[in-house]
2 protein chains.
Amino acid sequence: MLALAEAGGPVHAEWVATSQDIPRRFCDNILLQLRRAGLINSQRGPDGGYWLARSPGEISLADVIRVTEGVEQAAKPFPKAAAPLEEIWARLHDHEHTLLREITLADIMTSGGPPP
Amino acid sequence: MLALAEAGGPVHAEWVATSQDIPRRFCDNILLQLRRAGLINSQRGPDGGYWLARSPGEISLADVIRVTEGVEQAAKPFPKAAAPLEEIWARLHDHEHTLLREITLADIMTSGGPPP
DNA sequence: TAGATTCCTACTTGTACAGTAGGAATCATA
DNA sequence: TATGATTCCTACTGTACAAGTAGGAATCTA
């Protein structure tokens, strides 16, 4: 989602939507969530737009993903009798999270210049 | 699910259901899936029941999980523009799968004796 | 003031998963 | 061979969550 918000400077939701090939209205909602999470900043009115709150190298994939997941799904209680699985599950998610925290937006930025 | 099927010998679906605290009918369906996947064997009629097709040490968690996931979800095409993410996602699932393949049922068996 | 843009809230829809249900097939035993 | 216990098959329901839609208010530049 953010993948193209690192276009350098401020861009309109309209541009993000078309560049990502998703509906305009839908894009609005996502950008709104990201702003509430503090990952991006915004400015209203003409000449408004969105831009990253921190530099691409300081935003990890974990940061972005956490926005979607409602507080890590509140760690739902295991279905009993599966106690030994709980530890394994924890290990998996631990490693996953560690990896996602190491990778920043800068790592996956390739190209795609922004418009005026 | 199988976690208690390693009760040693053949057991009834009824016993599995109560021991796992899930509805009887629901348990039936799961056991049926597992049998179709070749993970367990079964025998009808009185004195029938279910038992593991291989020894607990030869059944990995990956085997069990694969039964649920419909052919790895058919590798749905990525939403475009997210190409760089594809590699990362692959790495994650690779590691996850590797870990799950190393862990067998024998590793997480603890206790819980079967009935006559 | 006017137009452009973000912002908020709520609604609709599609889909996958958990669970339900009815009965047929099969087998041991008597 | 009849009986009852058990697995087996197919289909349905219900529910939670993500994807997407929608209307209009708030805010800013010019």
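**Figure 1. α1(B) and α2(B) cross with a right-handed sense.** The model shown here and in the other views is predicted. α1(B) covers residues 13–20 and α2(B) covers residues 24–36. Their axes come within 9 Å and cross at roughly 115°. That angle makes α1(B) roughly perpendicular to α2(B), because angles of 65 to 115 degrees count as such.

**Figure 2. Residues from both helices make the contact of α1(B) with α2(B).** From α1(B) come A13(B), E14(B), V16(B) and A17(B). From α2(B) come R24(B), C27(B), D28(B) and L31(B). Sorted by class, 5 residues of this contact are nonpolar and 3 are charged. No polar residue takes part.

**Figure 3. In chain A, α1(A) and α2(A) pack at an angle of about 115°.** The two axes lie 9 Å apart. α1(A) and α2(A) are therefore roughly perpendicular to each other. Their crossing is right-handed. On the α1(A) side, the contact uses A13(A), E14(A), V16(A) and A17(A). On the α2(A) side, it uses R24(A), C27(A), D28(A) and L31(A). The class count for this contact is 5 nonpolar, no polar and 3 charged residues.

**Figure 4. A salt bridge joins E14(A) to R24(A).** The closest N and O atoms of the pair are 3.2 Å apart. E14(A) sits in helix α1 of chain A, residues 13–20. R24(A) sits in helix α2 of chain A, residues 24–36. The pair links distant parts of the chain, 10 residues apart. E14(A) and R24(A) also belong to the contact between α1(A) and α2(A). Over all chains, the count comes to 8 salt bridges.

**Figure 5. Chain B meets chain A.** On the chain B side, 16 residues are in contact with 17 residues of chain A. The two chains bury about 1,600 Å² between them. Carbon and sulfur atoms account for 75% of that area. The count of salt bridges between chain B and chain A is 0.

**Figure 6. I88(B), L92(B) and I108(B) contribute to the area that chain B buries against chain A.** Together, these residues supply 27% of the area that chain B buries there.

Key. Residues numbered from 1 in each chain as written. Chains lettered and ligands numbered in written order. Predicted model: local features only at pLDDT ≥ 70, side-chain atom pairs only at ≥ 80, totals over all residues. Heavy atoms only, no water. Axes fitted to C-alpha atoms, helices over the stretch in contact; angles between N-to-C directions. Helix = DSSP H or I, 4+ residues; strand = E, 2+ residues; numbered from the N terminus. Parallel < 35°, antiparallel > 145°, perpendicular 65-115°, else oblique. Left-handed = near helix turned anticlockwise from the far one by under 90°. Contact = heavy atoms within 4.5 Å. Nonpolar A, V, L, I, M, F, W, Y, C, P; charged D, E, K, R; others polar. Buried area = accessible area lost by both parts, 1.4 Å probe. Salt bridge = Lys/Arg side-chain N within 4 Å of Asp/Glu carboxyl O.
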